[in-house]
Amino acid sequence: MADVKLNDSQKVIAIDAALSAQTAKDGQVEHQIDVFKENMATIHRGQDYYVLLEQRSLKLQNRTADIVRQVQFDPHCSKPALLEAILHYQQKNGAVDKHAPVAFLSDEERVAVAGQENKFRISLYKVLLYIAVADAIKSGTLNLIHSEKYRSLDDYLIPKADWDVNREAYLQRAQLEKFGDCGAKLQTLNEALDAQYQETNAHFSEGDNAFLSLRANGSFHISTPKQDDVEALSLSAFFPERKYISLLEALATVDQATGFLDEFEHWQPKYQAAKPLKKIFFAGIIGYGCDIGHRKLAQISRQINENELDTTINWYFSLENIQNANDRILQFVDRMGLPNLYRQQPDVLHTSSDGQKFEVSVDSLNANYSFKYLGKDKGVSVISFIDMRHLLWHSTVITSAEREAAYVIDGLMHNDVIKSNIHSTDTHGFSEVIFGSTYLLGPIFAPRIRGVGRQRLYAFKNRQFYEEQGQTALLPHRAIRTVLIEPQWDEVLRFISTIRLKVATASQLFKRLNSYSKQHPLYRALKEFGKIPKSIFILKYVDDSAFRQSIEKQLNKVESSNKFSKAISFGHNHEFIQSEKEDQEIAEGCRRLIKNVITCWNYLFLTRVLDQETDPARKVELIEAVRNGSVATWRHFNLHGEFDFSDEKMIDSVGLTNPKNQLPRKN
């Protein structure tokens, strides 16, 4: 139909031929697949399914009954029949009978529960109730009163009544005044989108974009040229060659320069006893960060008492303290001049984030399966945030089953030390909702999207408008539906203000919003709005090869940081040995602290080399080596400790030589 080379008669003939063609008979494999699907449908929704549920009911009741009896549910529920059944269950203390409410069940489920000869199947009823409760909580139709994850979305946001009275003040505090008028902002974006379509299509039609090729199905392919190699000395040539710096020395040196150990404060503010020695804190950081474990570290180390180390960790190693210690180092490096060599523009800071899978060697509620990366083992995902100067400014630990996109804005809002202007992720950190949110929060969101040529483009005008202007390369697939955005604009601003003012974290809000039906008006408005900056970004991404190269370069830095983590996490084969999420966060915070310490030490060393160098040509070589190399290098550090070859270490300490009871030798 779309082939312009065919006339009307030829198209009719081709259509008739296609419709008249005989459909090939399904082969044996296809037939087996169809039978399998039918059997699966029977098992899932047929009598076998209900029998299976009833057989396993007792095990589920043992785990779930007390929870359903005790949890307080929000009375404002969009499924009143389900809430009625829950309240009845709680009033009966779980001892339900044939008089239990069944209105929340489907017709098929009611028939199954009624049973043959009207014998009420209590065990099956309870299982179906538990399933309905779980589904309703996840979807947001049923909310909890006391919960971090499963309260009503409105409970996380700035209170509606307060927002209505103080809207302008909130917008000013959240730096969102310029977005107050929805119509004006959409008009500005309309003009920006038109201009980007015009620029991108003009460059392609004039032959200025040789990296873009169009496919017959309407999609496109874009390639990114490799950056030109720059002749520069390797940065490793300026670091010590014959001397390995111990990790303890690096920690002590950077602490002397930054005072990051001052951030380790006692849990009790009024605690007056003397603070432990610095070496005890360094031992705790290494034990956590290198995944050795502080007890094992104390036993294999000299001058470290296990009880003293254990007490120090219990009272001083909080997640807040470790985050503040990292921030102290970042503040120090941020004031140095050498790191700014990595900036392409003096007032633009490009950042990136990426997830890395870690196995968890113990049972943990925070761990989950990820067959692609971990096989049959459970694990977590560590999301690390890094800027173009190799400073690691945030990290968090999530289950391996969660998507990274919900946590991208958490990192961007983390602290006041690193102010990102452009942020990049891979496909796992991208969504249209994130595009819309980051636009309102300030940073330009610039992800590397797998299969970007198959992404849909949008505009406020239809496709014909651009065709009439002579634009034929990249055209919008759909029009932006402003009817979804404008009625919800005030709620969008309340949502973003909640994030900006840190009333709730972005990950909390996104996870709750995503759990609702996709028809939630706020979700639909944010997603529809996000299609605008997404389309502008894709058009710019296609048109600007230097922009694509900068994204690739920045993402390479976070991937290199993941290798850095593996080098440091040698103590337990790159696995978490902690079960609780907070302990995993502390371990990751210590690992990040070690990486920031090594990066800071490198900056200090290179700054001294640059200051002491008297040869101008040599100075230029060092500057070019820094600009084209990576300061996050660790080859000149001894991360694994030292070996003791003293005579006393060769003595049998447990008495294994010359055992008294030996088995007789066979002749």
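**Note on pockets, a central strand, cysteines and cavities**

1. Helix α14 gives the most to the lining of the second largest pocket, with four residues. Helices here are DSSP runs of H or I with at least four residues, strands are runs of E with at least two, and both are numbered from the N terminus. A pocket is an open set of points on a 1 Å grid over the protein atoms alone, where a 1.4 Å probe fits, with protein on both sides within 12 Å along at least five of seven lines; lining residues have an atom within 4 Å of a point.

2. A word on the basis of these remarks. This is a predicted model, in which local features need pLDDT of at least 70 and side-chain atom pairs count only at pLDDT 80 or more, while totals for chains, interfaces and linings use all residues. Residues are numbered from 1 along each chain as its sequence is written, and side-chain values use heavy atoms, with hydrogens and water left out.

3. Back to that second largest pocket, which holds about 1,000 Å³ of space; a volume is the space filled by probe spheres set on the points, with grid points joined across faces, edges and corners. Its lining has 26 residues, and L297, I300, S301, G641 and E642 come closest to the centre. Two or more lining residues come from each of α12 (247-258), α13 (278-289) and α14 (294-299). By class, twelve are nonpolar, eight polar and six charged (Ala, Val, Leu, Ile, Met, Phe, Trp, Tyr, Cys and Pro count as nonpolar, Asp, Glu, Lys and Arg as charged, the others, Gly among them, as polar).

4. The largest pocket has a volume of about 1,700 Å³. It is lined by 50 residues, of which E402, Y407, S507, K511 and K581 are the closest to its centre. Elements that each supply at least two lining residues include β7 (392-399), α23 (506-515) and α26 (581-612). The lining divides into 18 nonpolar, 16 polar and 16 charged residues.

5. Strand β6 deserves a look. Nine of its ten residues (378-387) are buried, so β6 is largely enclosed by the rest of the structure; buried means under 20% relative accessible area, with a 1.4 Å probe and protein chains only. β6 pairs antiparallel with β4 (350-360) over nine bridges, and K357 stands opposite S381. Pairing takes at least two bridges found by DSSP. Seven bridges join β6 to antiparallel β7, where V382 faces V397. The two strands form a hairpin with four residues between them, and H390 in the turn has a positive phi of about 75 degrees.

6. What about disulfides? A search of the whole structure finds zero, taking a disulfide as a pair of cysteine sulfur atoms within 2.5 Å. For C290, the closest cysteine sulfur is that of C590 at 9.7 Å, too far for a bond. C600 is in no disulfide either, with the sulfur of C590 the nearest at 17 Å. C290 counts as buried because its relative accessibility is 1%.

7. Finally, the cavities, sets of points where the 1.4 Å probe fits but cannot get out. There are three of 30 Å³ or more. The largest, of about 70 Å³, is lined by residues including Y342, H350, M388 and K557, and α25 (545-568) gives the most to it, with four residues.

Note on methods
Buried means under 20% relative accessible area, exposed over 50%, partly exposed in between (1.4 Å probe, protein chains only).
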